[in-house]
Amino acid sequence: MSNLLPNLNALLEKLAGDGPTVCDARVLAEAVAHAETEEELDAALDAIVSEWRQA
Amino acid sequence: MTAASRPRLVSLEIRGFRAFGTEARTLQLDAPLVVVHAGNSQGKTSLAEGIEFLLSGQNSRRELLGGAKAEYNDSLRNAHLPTASADVYVEAVLRSTDGTTHRIRRELLCDFGQGTECDSRLLLDGVEVTDLSEVGLTLADPPVRAPVLLQHTLRHVLSTEPKQRVNYFKALLSLTDLDDFRTRVRAARGRIEAEPIGDALKRVDTLAGTPAAAAGTTITALVKKSLTVDAVRTAVDTELLRAGTAVLTDPDSGGEPPTFDAVDELNAAISAAMEAQREQAFPLSSFGVGALTPDTPANPDITGYVAALVEVDQHTASLTPVFTAVLAIGTYAELTQPQRCPVCGTEDALTPERVALLRDHLQRTQALDAAATTTTAALSKARHSLDQFGATITTTVPSVINWTEDQHIKAVAALQDLGIEDTLLTGAQSQASQVAATASNLRAAVAAARLSVEQAGDAVASRRPVSDDLASRYAAINSATANLVTAIEEYSRRVDALRTAVEAATRSQITVGGLTEMADLLARRADVVADVMAESQRQRIIKRLNGADKQLRDAAGSVLDARFDQMSDTIAKWWGTIRPEELVGFGGVKRRAGGTLFVNLVASLHADQASPPIERDALGIYSDSQLNALGLSLFLARNDLLSSPIVILDDPIPGSDSDHRLTFVQNTLGHLLDAGIQVIITTFDNKLAEFAQTNYGGGDYMAYKLDLLNVVAGTEATQATDAFAQFMLEGEEHLNSPTAKGRRAACGNYRSAAERLAKQIIATGQTAAGTPTTVSDFDAKGLTLGTLVPLVLPFVVDGNSEKGQWRTFAKVLNPGNHDDDVPSTGELKQVRGNLRTINKAHQKHWPGGLLQ
């Protein structure tokens with residue numbers, strides 16, 4: 001888990017449920033799990049947005 | 001980590017930081033509890049902030065105390081430090097969990113300045129590092145990073161706005177990362193939101209106010225639907241067709257509105273309507289030129305024929321067609337008796353033998369025939385190609401070339417009406433003439449080539465040699481074509497300029513509403529579809545990010561609640577140590593109305609110990625003393641959560657709060673010390689210092705006194721249990737006195753210091769020699785300096801020099817009480833220096849230093 005986001009696991013535990021917005025939130029949170037810098041974090045989020053564009 | 005194995009500060013050295021000046025000051029801190037007592041403005045807070053700076057490289061005062069940042073410029077470096085003296089540092093020796101010691105040093109590289117933060121470098125055992133986690137000292141999130149409770153820290157959380165308060169708690173709970181994450185998600189959404197709407201889609205808005213407004217609204221609304229690109233294309237086309245009908249319907253005509261089945265049909269109608277409108281203002285159609293198609297004709301390949309012809313007799317070859325014709329007739333082909341020749345009419349000239357000869361000849365000229373057939377086909381194709389090409393040449397000549405003078409005059413007038421320079425017209429006309437001339441040249445070249453091809457065809461048909469001018473004819477076509485293309489390009493440039501000017505000028509004169517807008521949209525129809533798809537997708541992504549952000553906010557709020565519950569219990573524990581068994585208690589930290597932006601501190605009010613509590617906002621209920629206790633409890637709770645092994649408390653209990661000194665000392669400090677936490681307290685309150693010494697005095701306790709006697713040298717730290725140092729410090733206060741009374745006081749201080757030092761040396765020396773002795777043994781005897789000097793001489797470590805100094809002390813310092821013989825300042829300084837030297841030498845000489 002990223003040092004940048006030490007509480008991400010606690011956050012993910014609270015993101016329970018199958019609703020589309022919860023799923024999206026979880027996808028975003030999981031995407032940044034290994035980001036070590038803000039630049040990597042932004043890139044991870046942008047990658048998810050790109051995937052959403054393809055969908 | 002056990003209490004015994006926790007890291008501890010062993011010593012601290014400060015130079016040039018805030019109240020600490022040119023002299024480096026050292027404090028031995030190797031005890032679980034260190035109490036630093038001082039009056040106001042003597043350097044207590046500077047000491048606490050020095051430790052904060054050492055651990056974090058920051059100064060939370062600037063973040064929390066309010067005011068403009070600029071008000072803290074140059075606030076860390078001692079103001080009296082000489083400019084050339086750059087050595088501002090705080091250094092400590094730390095004993096880590098494994099018992100090894102490490103030297104930590106923070107050097108100030110740059111103070112707070114105009115628009116700049118302070119900068120420093122941190123060294124761990126001489127190696128530059130970014131933090132001290134390696135030796136077990138971790139930092140919390142900003143703004144309060146180090147385990148140092150300063151007055152502004154204590155009050156900040158209470159006095160700040162609720163919105164800032166929640167940030168403080170998040171920082172305490174190290175939860176700011178979740179806020180940071182949400183900030184980045186919102187930034188990602190911001191990047192999507194900032195993406196521009198496609199230009200073609202924006203142009204749909206131009207239909208507003210035209211008869212096609214409804215179509216514009218419908219197209220714009222497509223972005224809200226999740227449609228496939230085909231569905232969007234169909235919908236856009238449908239709306240454009242509807243819009244076209246609306247735009248091209250003449251309400252005054254009374255006729256049926258035009259309808260269109262296909263966009264191409266509509267496009268043509270709109271273009272025609274636009275052209276008609278423009279032609280009314282200016283005859284642009286006269287400047288149109290056709291394209292030069294098909295491609296430039298290619299030279300037909302006759303090489304096969306030429307080669308075959310070389311292989312046969314020329315004269316005979318020319319007769320081959322005649323032979324072929326004769327043998328095509330069955331009578332002659334199967335001849336058995338001589339007959340009359342059908343060509344020349346000679347009787348019996350055609351015999352079976354001659355027919356056999358003809359057949360033999362035809363057999364030999366078969367290759368030539370085949371080449372002739374191929375070449376004839378190529379020449380036929382070339383003729384056709386030249387005819388087609390020639391036909392297109394005419395279309396490249398604009399009709400403006402045929403304008404009459406009257407037409408020209410009218411056109412110039414029309415341009416003037418439109419406010420356009422007529423040079424654009426004359427330039428185009430001039431180049432049109434050039435186009436016409438080059439087109440004429442090309443036509444001539446094509447005609448010449450056509451004639452040569454015709455002649456070549458005749459030659460092949462009669463198996464004659466073909467004239468060799470074909471190649472040059474086609475080269476002439478290529479050359480003339482290039483000239484025409486160049487002329488047309490230049491012409492097109494000039495006409496484009498004219499057209500652009502005319503279209504722009506006539507745009508406002510187009511009387512059919514929505515016509516130009518429709519023309520624009522039809523020209524960008526594919527872009528409109530693409531823009532609708534892109535915008536629809538953009539809106540969906542923004543919506544998804546919004547939904548996800550809301551979920552993240554709620555989840556982060558739940559995490560915060562769980563941490564608040566945990567922290568509330570911890571705060572209540574510390575509150576109980578300071579204010580036990582009180583009816584006003586601490587009820588917890590709670591988010592206001594389930595939101596994430598505001599945090600309330602809750603007071604629980606009991607009518608008696610057994611009654612259920614009534615909850616109120618603590619800030620509105622608590623007294624000043626209770627608020628202070630709350631701030632202290634919050635800080636200690638944070639320290640618990642961070643498992644910090646060291647805590648520095650700057651005036652934790654106000655002197656006015658006498659009721660809670662003892663509970664603080666006995667309960668709060670007790671809990672901290674039991675947990676193995678090293679506690680360093682600075683206090684103005686001598687009672688608190690006394691209570692601390694009474695409760696914890698001994699090997700586990702150290703006390704210091706701070707004095708700021710010389711603002712340049714800076715705050716001086718004296719170990720309060722070191723009586724010699726105390727006397728020396730007091731003597732310092734009177735040393736430079738111009739009056740006899742002042743110097744007499746200094747003399748008394750130095751005499752007491754000398755007596756104290758002598759007792760320490762004798763006690764230490766006798767103990768080392770096998771006779772355990774304490775300093776207080778001599779205190780009880782009431783010995784004076786005169787009687788102590790002979791006793792100390794056996795223990796001198798610097799031979800006769802030290803002996804002489806001791807005898808001089810007795811001589812110089814004893815008359816100090818006499819009114820008529822007070823030592824001079826120079827003599828007193830000499831005594832001071834000798835006393836310091838002797839003390840230093842003995843502290844170093846005796847194992848473990850001198851007994852106290």
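**Aromatic pairs**

Analyst: Let us begin with the rings; over all chains, a search of the whole structure finds five aromatic pairs. Please keep in mind that this is a predicted model.

User: How is a pair of aromatic rings described?

Analyst: One gives the distance of the centres and the angle of the planes. In this structure, B:Phe287 and B:Trp403 form an edge-to-face pair, with 5.5 Å from centre to centre and 80 degrees between the planes. This pair links distant parts of the chain, 116 residues apart. B:Phe287 lies in the loop between helix H9 and helix H10 of chain B, and B:Trp403 lies in the loop between helix H14 and helix H15 of chain B. Both B:Phe287 and B:Trp403 are buried.

User: Which arrangement do B:Trp575 and B:Tyr622 form, stacked or edge-to-face?

Analyst: B:Trp575 and B:Tyr622 are stacked, at 5.0 Å centre to centre and 20 degrees between the planes. B:Trp575 belongs to helix H19 of chain B, while B:Tyr622 sits in the loop between helix H20 and helix H21, 47 residues apart.

User: Why does B:Trp575 count as buried?

Analyst: B:Trp575 counts as buried because its relative accessibility is 4%, and buried means under 20%. B:Tyr622 is buried as well, with a relative accessible area of 6%.

User: Which residues do ring pairs link into a cluster?

Analyst: The cluster consists of B:Phe282, B:Phe287 and B:Trp403.

**Salt bridges**

User: What can side chains of opposite charge do when their charged atoms come close?

Analyst: Such side chains can pair. The structure holds 46 salt bridges over all chains. In one of them, the side chains of B:Arg61 and B:Glu49 meet at 2.9 Å, N to O. B:Arg61 is in helix H2 of chain B and B:Glu49 in helix H1, twelve residues apart. Both of these residues are buried.

User: How far apart are the closest N and O atoms of B:Glu454 and B:Arg450?

Analyst: They are 2.5 Å apart, and the two residues form a salt bridge. B:Glu454 and B:Arg450 are four residues apart in helix H16 of chain B, so about one helical turn separates them. B:Glu454 is partly exposed, at 31% relative accessibility, and B:Arg450 is partly exposed, at 25%.

User: Where in chain B are B:Asp640 and B:Lys573?

Analyst: B:Asp640 is in helix H21 and B:Lys573 in helix H19, 67 residues apart. Their side chains meet in a salt bridge of 2.8 Å, N to O. B:Asp640 counts as partly exposed at 26% relative accessibility, as does B:Lys573 at 38%. Elsewhere, a network of salt bridges links several residues, among them B:Asp87, B:Arg103 and B:Glu128.

**The interface**

User: How is the size of an interface often given?

Analyst: It is often given as the accessible area lost when the parts come together. Between chain A and chain B, the buried area is about 2300 Å², with 63% of it from carbon and sulfur atoms. On the side of chain A, A:Asn7, A:Leu11 and A:Arg53 lose the most area to chain B, together 27% of what that side buries.

User: How many salt bridges are there between chain A and chain B?

Analyst: The count is five. One of the salt bridges joins the side chains of A:Glu38 and B:Arg184, at 3.6 Å, N to O. Helices H1, H2 and H3 of chain A each supply at least two residues of the side that touches chain B. The largest share of that side, nine residues, comes from H3(A).

Note on methods. Residues are numbered from 1 along each chain as its sequence is written. Chains are lettered from A and ligands numbered from 1 in the order in which they are written. This is a predicted model: local features need pLDDT of at least 70, side-chain atom pairs count only at pLDDT 80 or more; totals for chains, interfaces and linings use all residues. Side-chain values use heavy atoms; hydrogens and water are left out. Buried area is the accessible area (1.4 Å probe) that two parts lose on being put together, summed over both. A salt bridge is a side-chain nitrogen of Lys or Arg within 4 Å of a carboxyl oxygen of Asp or Glu. Rings of Phe, Tyr and Trp (its six-membered ring) pair if their centres lie within 6.5 Å; planes under 30 degrees apart count as stacked, over 60 as edge-to-face and the rest as tilted. Buried means under 20% relative accessible area, exposed over 50%, partly exposed in between (1.4 Å probe, protein chains only).
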